[in-house]
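Student: I am new to this structure and would like a close look at one part of it. Could you take me through the helix beside the ligand, and then outward from there?

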Amino acid sequence: MPLAEFVASLPPSSELLSPVRPYVNHSVELKLPYTTDERTKRLEEAGLNVFQYPAEMVTGCDMLSDSGTTTMTNRQWAALHLGDESYGSNRGYFELLRQIQTTFGEQFANDPAENRPNAFLFHQGRPTEDALFTVLSGLGSDLTIPSNGHFDTTEANIEANHIKPVNLFSKSLHDIKSNDTFKGNMDIERLSSLLESSHDRIPVVYVTVTNNTGGGQPVSLENIRNVASLAHKHEIPFFLDACRFAENAWFIKQHEAGYANKSVAEIVREMFSYADGFTISFKKDGLVNMGGGLFLRDGGLFVQRYPQLPDALTNLQILKEGHPTYGGMSGRDIMALAEGLKTVTTEPYLAHRIGQVQRLGNGMAEIGLPVITPIGGHAVYLDMNRFFEGTGADRLFGGVSFTALLLAAYGHRAVELGNFAFGKYDPQTGKETLPEVNFVRFAIPRLRYEETDLRNVAESAYALYKMRNGIPDVAVTYGRELTLRHFKARFAFK
Ligand SMILES: *Cc1c(COP(=O)(O)O)cnc(C)c1O
């Protein structure tokens, strides 16, 4: 029997239960062998605040964030050596601009010499946002920027510039029974009525892909197209917050009718074909540890309506970051970024990346943990209200207790994003205002962990779930009334 015939008769590798990674370890970091006692003692010294706990002592998986925590490929490490640290117009700048056009579309062409500055580099996402909202705030008073879900720093930067952020989450987002794949979508009806009543006060309409605040849920191309067309009907520029553009495109390919046979690269270009501009933190799908930028469609609606703003943006860049051709990044970081953008849209990478997140989430759900479904692209969320349901005792900050135990007992670092992180305390009345959702998030860094590491995370969470009746609440011993209190507060078990 010829080899090919026999091979064809076997079950394909993709149908086996344990997936093989589309990469191999190039170099590894050895962990230090901290014991449970050492972790526990150190976490107590940190007031049970996982942000203040030394990363070096995380002996399991560090799932505090997927931002800037990517493991770079050997091609990126090689690209670092080609970095050019010249003050003006370093080699990587031109390489990056070519890659931006290849990845996102020719329309993001940039030529400052012809007075068409369309590319603005910054050192990460939030200074980019600050620059954009600073220049937009000069357009008038009483402005509003709608989104399918602004990221927290985006929202904070909008507010800091006296503009009102509005989140038009999809109706299915917080419906735990809904299995809608595209829970990240914007609510089109609410956008339509907001535009009818307030279009004069809306300088841009934003869509975040994937919807980080909404649990990393994807946005469909149909929704992007509809939002863009509504915005354009009112002559309002349409922007993407593009941090996880490739992960979003992968969901479109898998789940949206008509896209199964398109490549991710084609889907990405279609997503961006509707945008008049985008802001991006490259710490996510740039596959680098630092970087950000703002890119405008050459001659698009944004530059037509606000022709004075590109120059104002350039001035802010020079004032706060440096020469526009490096924008707060080193030349070597720019080279690593140009290389990272080539990898992130490749399908074996994305299939494994999203598959890893899905397998962790589905594995947790199968053993009975209260996971938010469907599972998004970069993290798994546990619902702490459901986790402690039926245990008889009220725990205001049970998510904080959970993350402390997970770190001390099992060495994994997750983060509470719920009653403590998003709640507000009024010291006058002693009242806590609680947010809509009470989650613990397990964010999965890119190219960093193996399947067995993540299975251990699920088992550890389950071990705590079995003991949930006995898990105490925490008292806040410092910082309950502070803004952004979850970064600074201290706790003790009650
Ligand atoms: C991370 C993030 C940002 C901010 O980027 P930083 O690089 O962390 O400043 C903005 N929007 C979204 C959706 C993000 O995930």
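Predicted model: local features only at pLDDT ≥ 70, side-chain atom pairs only at ≥ 80, totals over all residues.

Tutor: Which residues of H6 are buried? They are Thr-153, Thr-154, Asn-157 and Ile-158. Looking down the axis of H6, you would find these buried residues within an arc of 140 degrees, so they line one face of the helix. After H6 comes His-162, and its phi is positive, near 60 degrees.

Now to the ligand. It is surrounded by 15 residues, and the closest are Gly-125, Arg-126, Asp-241, Ser-281 and Lys-284. By kind, the shell holds seven polar residues, six charged ones and two nonpolar ones. Ser-281 has a side-chain N or O atom 2.7 Å from an oxygen atom of the ligand. For Lys-284, a polar side-chain atom also lies 2.7 Å from a ligand oxygen. Arg-244 places a polar side-chain atom 2.9 Å from an oxygen atom of the ligand. On its own the ligand would expose 380 Å², and the protein buries 98% of that. The largest share, three residues, comes from H5.

Let us follow the chain onward from H5. In the loop between H5 and E2 you will find Asp-142. This residue is not a glycine, yet its phi is positive, about 65 degrees. Most residues other than glycine have a negative phi. Is Asp-142 buried or exposed? Its relative accessibility is 54%, so Asp-142 counts as exposed.

Leu-287 is not a glycine either, and its phi is positive at about 60 degrees. Its relative accessible area is 0%, so Leu-287 is buried.

Strand E2 leads us to another helix. E2 is part of what covers the buried residues of H7, together with strand E4 (205–208) and helix H8 (221–233). In H7, which spans residues 188–198, the buried residues are Leu-191, Leu-194, Leu-195 and Ser-198. Viewed down the axis of H7, they fall within an arc of 100 degrees, so they line one face of the helix. Glu-189 and Ser-197, on the other side of H7, are exposed. At the start of this helix, a side-chain oxygen of Asp-187 comes to within 3.2 Å of the backbone nitrogen of Glu-189.

Between E4 and H8 runs a loop that contains Thr-210. The peptide bond leading from Val-209 to Thr-210 is cis, with omega near -20 degrees. Most peptide bonds are trans. Another cis bond joins Thr-373 to Pro-374, with omega near -10 degrees. Pro-374 belongs to the loop between helix H14 (347–366) and strand E8 (379–383).

To finish, here are a few residues further along the chain and back towards its start. Tyr-449 lies in the loop between strand E12 (439–443) and helix H18 (451–466). With a relative accessibility of 7%, Tyr-449 counts as buried. Beyond its neighbours within four places in sequence, its contacts are Tyr-23, Gly-60, Cys-61, Asp-62, Gln-356 and Leu-454. Tyr-449 and Thr-71 are 378 residues apart in sequence, while their C-alpha atoms are 9.4 Å apart in space.

Gln-99, in helix H4 (residues 91–104), counts as buried at 11% relative accessibility. Not counting residues up to four places away in sequence, Gln-99 touches Ala-338, Leu-341 and Lys-342. Thr-391 is in the loop between helix H15 (384–387) and helix H16 (398–410). At 13% relative accessibility, Thr-391 counts as buried, and beyond four places in sequence it is in contact with Arg-468 and Asn-469.

Methods. Residues numbered from 1 in each chain as written. Heavy atoms only, no water. Near = heavy atom within 4 Å. Polar contact = N/O pair within 3.5 Å; in protein donor to acceptor, adjacent residues only side chain to side chain. Areas by Shrake-Rupley, 256 points an atom, 1.4 Å probe, with all protein chains shown as cover. Helix = DSSP H or I, 4+ residues; strand = E, 2+ residues; numbered from the N terminus. Nonpolar A, V, L, I, M, F, W, Y, C, P; charged D, E, K, R; others polar. Buried < 20%, exposed > 50% of the residue type's maximum accessible area, 1.4 Å probe, protein only. Arc of directions from axis to C-beta. Contact = heavy atoms within 4.5 Å.
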